[in-house]
Every structure is written in structure tokens, then in C-alpha cells.
Amino acid sequence: MQTLINSGRLKAEGFPAPLSGGRTRLYDGEQVDAYLAGHPVPALPTADDDDDLLDRQEAAALRGMDPQAWDRRKKDPAVHEHMVLVGGVEHWPRHIVRDHTPTPRRSTGTGGGGRPTGVGDQVPRDQLPARVAQLLDDDPTVTAAGVTDRFGVHRNTAQAALTALRAERMADVMEQRGVTAAQAAAELGYPAGLTRRAGIRAAAVLRGRQARTYLAEVARALHACGWTTTDTSPAVQHPENDECVAVLVLDSPTAPAAVLVWSERHGWRTAASRRHPLGRGAAWPPPGPGVRHLATGTTPDPADLVKALDSTR
């Protein structure tokens with residue numbers, strides 16, 4: 001797959017168009033096979049079928065709603081149980097999308113008052129994001145105190161989960177519509193007083209997404225110059241969900257510094273430890289044992305990075 005992408009054939013004249021416009025591009029297998037074999041590319045079916053699989057954007061368009069509204073609708077059990085992953089992308093049958101009627105919300109309390117059902121539930125940490133996401137779907141104005149009351153977690157844990165979820169969703173809207181963080185928050189129904197941190201993080205998430213193309217280019221350049229022995233370019237890692245810091249692990253037997261760290265603010269450096277590539281204490285350690293600053297600036301030229309790294313051999 002990486003060889004095909006690097007060849008540029010996906011952009012060649014006559015190559016079949018992708019079936020979707022999302023971040024993950026999907027293609028019709030029969031069309032691609034025919035193109036690569038030099039045969040006429042068959043046309044796609046034009047008639048709708050009840051069993052057609054629709055992605056997020058297509059499902060939202062069929063229901064006449066924004067993709068963010070479909071993100072809430074798809075969590076209904078009557079929709080979720082029919083979800084199908086195609087190439088890692090969520091799809092739903094056309095008839096499920098078309099005919100679905102939202103399930104009435106259950107009351108979160110009894111007798112019109114009192115504490116909501118499930119108060120004090122100790123939610124496992126790995127399940128918390130999904131549970132908080134559902135709560136945020138039902139009430140965009142939910143606070144950290146509300147999450148704490150509902151799931152029995154520490155307020156700091158609740159605030160961190162809410163900030164991360166709001167930031168991701170705000171970044172989606174900012175990316176798709178070209179709006180500011182404040183405008184995205186308003187569109188999603190998030191109160192301005194609750195989204196200052198989320199807005200800052202959403203902007204960072206968006207910048208990180210935009211940097212992914214550059215980071216992948218660096219990985220390819222290092223791979224082409226022999227800094228890796230794998231068949232494909234190494235994957236860029238984003239530890240702790242920090243979209244503005246990236247880690248690149250190399251595997252060259254001659255590499256004295258096998259871990260590279262990129263920061264949106266500082267550029268590139270080597271890491272003293274594979275286990276703790278970001279270091280302990282200072283966010284960006286000064287040069288020292290195992291740490292060498294290689295290239296500065298937000299997106300230094302990959303060729304300059306390769307030269308700087310070659311000098312460490």
C-alpha cells in the first residue's frame with residue numbers, strides 16, 4: 001500500500017476516484033484492479049439499494065443533518081448494532097439510516113427528583129471516554145461536576161475527559177468548516193465558559209493533524225536514506241494524545257540515536273531513552289547525554305534533518 005501511495009499512481013489521470021471524501025480514502029476494488037491491469041474501468045452502480053453501506057458523511061446527508069448530529073445518532077443501539085467497519089471506516093446500511101427513529105431517552109432520575117440513576121458507579125478508566133461521550137451527546141452543557149456525580153470519578157479525571165472530547169469534536173468542526181474554536185463550540189452547543197481549555201487544545205489538535213503530512217514525509221526520507229531496515233516507512237507515534245509532539249523510532253543498526261522527537265515549538269531532537277522519549281522534568285531537555293538538537297523550526301526541511309542525523313553516525 002505504501003509503495004502504491006509513493007508511486008503517485010493514485011493521482012494519475014484515469015485512476016478511479018475514491019468512494020468517500022473522509023480522512024481515510026476508500027476505493028472500489030474492482031475498479032482499481034481493472035485500472036492496474038490496463039482494462040476498462042467498470043462503472044459504479046447508479047441505483048440505490050437498501051443494503052448499500054453509507055459512511056458518516058453519506059448517512060448525515062441522507063438524514064439531512066450535520067455529520068456531528070449523526071455522530072450522536074449513531075450511538076443509538078438500534079443503529080450501532082448494524083455498524084460495519086470497511087477499511088477501518090464506520091458504515092451503516094442505507095435502510096437503517098433511512099428508517100431509524102430515535103429511541104426515547106430514559107429518565108436519569110426517579111420521581112422527578114433525587115440523584116440520577118447510576119450515581120457513584122465506578123467506571124473503569126478505559127471505559128470512561130465512551131461513557132462521557134454519551135453523556136456529552138445527551139447534554140452538551142454537562143460539567144465536570146456532573147460527570148463526577150454520574151460516574152463516581154475524581155473531578156480532575158472528569159474534567160480531563162470532557163476537555164479531550166470537546167477538543168476533538170471542536171477540531172473536527174474547525175477542520176471541516178474553517179471556523180474558529182469559539183464558533184465550533186457554539187455550533188456544538190458548548191457553553192463559552194466551559195470551553196476555554198478545550199478551545200486551546202482543539203487548535204493544537206488541528207495543527208497536529210496538519211503536521212501529519214510533513215511528519216510522514218520525514219519518515220519516508222529517513223527510510224529512503226537507510227535509517228530503517230523495515231520494508232516500509234516507520235510510523236509516527238503521538239504519545240499521550242499530544243497532537244503537537246511526535247516520536248519516530250528508527251531501527252538502523254548504526255544509529256546511535258534510535259529515537260527522534262519532534263515538537264511543534266522546538267523542531268527535532270534525539271531522545272536519551274526509548275522508554276521515556278519525551279524526558280522527565282523539562283519538557284524540552286537541553287543537549288546532553290543522548291540528547292542532540294538536530295533541526296529547529298516548526299517544519300524544517302527533511303533533507304536538513306537527514307544531514308544532521310547523518311553527522312551523528
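Leaving aside neighbours within four places in sequence, Ser-233 is in contact with Ala-219, Arg-220 and His-223, where contact means heavy atoms within 4.5 Å. Ser-233 is placed in the loop between helix 11 (196-224) and strand 4. Helices (H or I, at least four residues) and strands (E, at least two) are DSSP runs, numbered from the N terminus. Ser-233 counts as buried because its relative accessibility is 18%; buried means under 20% relative accessible area, exposed over 50%, and partly exposed in between, with a 1.4 Å probe and protein chains only.

The model is predicted: local features need pLDDT of at least 70, side-chain atom pairs count only at pLDDT 80 or more, and totals for chains, interfaces and linings use all residues. Residues are numbered from 1 along each chain as its sequence is written, and side-chain values use heavy atoms, with hydrogens and water left out. The pLDDT is the predictor's confidence in each residue, from 0 to 100. For the protein chain the mean pLDDT is 80, and 85% of the residues reach 70 or more. Confidence is lowest in helix 1 (residues 2-7), with a mean of 76, and highest in helix 10 (residues 181-188), at 90. Over residues 106-121 the pLDDT stays under 50, and the model has 19 contacts beyond four places in sequence for this stretch.

The protein chain contains 12 helices and 8 strands. Of its 313 residues, 38% are buried. Among contacts between residues at least 6 apart in sequence, 51% join residues at least 24 apart.

Strands of a sheet pair through backbone hydrogen bonds, either parallel or antiparallel. Two strands are taken to pair if DSSP finds at least two bridges between them. Strand 4 (residues 236-237) pairs with strand 5 in the antiparallel sense over 2 bridges. In this pairing, Val-236 has Leu-248 of strand 5 as its bridge partner, and Gln-237 stands opposite Val-247. Strand 5 also pairs with strand 6 (residues 259-263), in the antiparallel sense and over 5 bridges; here Val-245 stands opposite Ser-263. Strand 5 (residues 245-249) is mostly covered, with 4 of its 5 residues buried.

A further open sheet has 3 strands in the order 1-3-2, and the pairing is again antiparallel. Its edge strands are strand 1 (53-54) and strand 2 (84-86), each of which pairs on one side only. Strand 2 is joined to strand 3 (residues 89-93) by 3 bridges in the antiparallel sense, and Val-86 stands opposite Val-89 of strand 3.

Two packed helices are described by the angle between their axes and the distance between the axes. The axes of helix 8 (residues 144-151) and helix 9 (residues 155-177) come within 8 Å and cross at roughly 115°. Such axes are lines fitted to C-alpha atoms, for helices over the stretch in contact, and angles run from 0 to 180 degrees between N-to-C directions. Helix 8 contributes Ala-144, Ala-145, Val-147 and Thr-148 to the contact, and helix 9 contributes Arg-155, Ala-158, Gln-159 and Leu-162. By class, these are 5 nonpolar, 2 polar and 1 charged residues; Ala, Val, Leu, Ile, Met, Phe, Trp, Tyr, Cys and Pro count as nonpolar, Asp, Glu, Lys and Arg as charged, and the others, Gly among them, as polar.

The buried residues in helix 7 (residues 128-138) include Leu-128, Val-132, Ala-133, Leu-135, Leu-136 and Asp-137.

Towards the end of this description stands Ala-308, which lies in helix 12 (residues 302-310). Ala-308 is buried because its relative accessible area is 15%. Not counting residues up to four places away in sequence, Ala-308 touches Arg-292 and Leu-294. The C-alpha atoms of Ala-308 and Leu-294 are separated by 5.6 Å, and the two residues are 14 residues apart along the chain.
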